Amino acid sequence: MSNVCCCRFAALLLLCGLWCWPIALVQGQRVSELQCQRYIAMNTEESAGGPLSLDPEVVVFRRTNCSTSIDLIVNGEEAIVGEFPHQALLGVPMENGSSNQWDFYCGGSLISEWFILTAAHCKSPTIVRLGEHDLREPTYDEEDIEVLGYYKHPKYTNLKSYYDISLVQLARQVEFNQMIRPACLWTSDPFNMSNVVATGFGRTEHGNQHGSPVLMKAVLNVMDQMKCRRKFTGYLKLTEGIKAEQMCVGSKEGRKDTCYGDSGGPIQVATDVNTCAYYIVGITSYGGVCGIGTSESVYTKVASYLDWIEQTVWPYEYLESREDQTTEKDTTLFDSSRIYFPDS
């Protein structure tokens, strides 16, 4: 078994009193779950202390360097700065604009050092912006990264809203920090929670032609699948109804919804605020009129596409995990040379 430590220099850890966490792929574990463990470990610092005595009892302190405040988009509220560090914006050059002016038309989620998860109906971007909170006020937190590749699910067609999932490959590796950090992928199906959090820079009300200048969040409800199928009966984009790879999410109280410009963005949950980990459950895909009544929208279920995501984002580890299942080994080596650890 190889140990992957969440630090760059072991000597520095000894000076600081921080510990490395061993991470290895165990039998039956998905590659995306292993990556999630790594992300959580990178966000957590451990230090040891104890009384000055001959035989002190060592106490381990764990501290997370993040914010996952979910106190509770249409009738949502402004997110806290740094609250959703995986949130991404897809951009193309603005018509009649200068070389550094961008039209952000879709959202996405950072899921690794190299990849953004988004919807296939979002066109291929020129750049991806990370670390953004307020489009009106440039800061040193946001970062624009050029795009190297764009991969739609092979079964997606523009005529329908099925298989609405794609991956954007970045032209350079992302250096993680407090404002820019990947999210985990939700791996369980069926989804067993009643609420999710939607985030985005989309329009805040139907009829408004402009998106929100700040990142918004809204707590939404997972809706009954059969009721949702009845609502979308006859829609040209959903001629086969709502499939198992999709989920319906809306607001039972009404007037909370995702809207135009939120497409491709995440719906997510945080199962434990002490881990700093958000789990991407779905991708904003298709809806009716924004925020009218108890509005439901259709989302692509991430857990239904884990094989395709892992093959694209972590091909080496995915193949190794398949071999591991074939040979029935307990663990498999993880290529730590592919992990980048920032100095700070």
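**Nonpolar cores, paired strands and buried polar residues**

In the predicted model, strand β14 (residues 246-250) and strand β17 are paired in the antiparallel sense through five bridges; strands are DSSP runs of E of at least two residues, helices are runs of H or I of at least four residues, both numbered from the N terminus, and two strands pair if DSSP finds at least two bridges between them. Residues are numbered from 1 along each chain as its sequence is written. Because this is a predicted model, local features need pLDDT of at least 70 and side-chain atom pairs count only at pLDDT 80 or more, while totals for chains, interfaces and linings use all residues, and side-chain values use heavy atoms, with hydrogens and water left out.

Within this pairing, Gln-246 has Thr-300 of β17 as its bridge partner. Strand β16 (residues 279-287) likewise pairs with β17 in the antiparallel sense, over five bridges, and Gly-282 is bridged to Lys-301 of β17. Strand β17 (residues 296-301) is mostly covered, six of its six residues being buried; buried denotes under 20% relative accessible area, exposed over 50%, and partly exposed the range in between (1.4 Å probe, protein chains only).

Gln-246, located in strand β14, is buried, with a relative accessible area of 4%. Leaving aside neighbours within four places in sequence, Gln-246 is in contact (heavy atoms within 4.5 Å) with residues including Ser-161, Tyr-162, Leu-238, Val-298 and Lys-301. The side chain of Gln-246 reaches the backbone oxygen of Ser-161 at 3.1 Å. The C-alpha atoms of Gln-246 and Tyr-162 are separated by 8.0 Å, although the two residues are 84 residues apart along the chain.

Strand β13 (residues 216-222) contains Lys-217, and Asn-221 is also found in β13. Lys-217 is buried, with a relative accessible area of 3%, and its side chain makes a polar contact of 2.9 Å with the side chain of Glu-83. A polar contact is a pair of N or O atoms within 3.5 Å; within protein, one must be able to donate a hydrogen and the other to accept it, and residues adjacent in sequence count only if both atoms are side-chain atoms. Asn-221 is buried at a relative accessible area of 16%, and a polar contact of 2.8 Å joins its side chain to that of Asn-195. Not counting residues up to four places away in sequence, Asn-221 touches several residues, among them Ser-194, Cys-248 and Lys-252.

A nonpolar core is a set of buried Ala, Val, Leu, Ile, Met, Phe, Trp, Tyr and Cys residues joined through side-chain atoms within 4.5 Å. Of the 54 residues in the largest nonpolar core, Ile-116, Leu-117, Leu-130, Leu-185 and Ile-309 touch the most other members. Domain 1 (85-180) and domain 2 (183-303) both give residues to this core, so the core lies between them; the domain bounds come from an automatic or database domain assignment. Another core, of nine residues, lies apart from the largest one and includes Met-223, Cys-248, Tyr-286 and Val-298.

Helix α2 (residues 31-42) has twelve residues and reaches 17 Å from its first C-alpha to its last, close to the 16 Å expected at 1.5 Å a residue, where the expected span is 1.5 Å times one less than the number of residues. Nine of the twelve residues of α2 are buried, including Val-31, Leu-34, Arg-38 and Ile-40.
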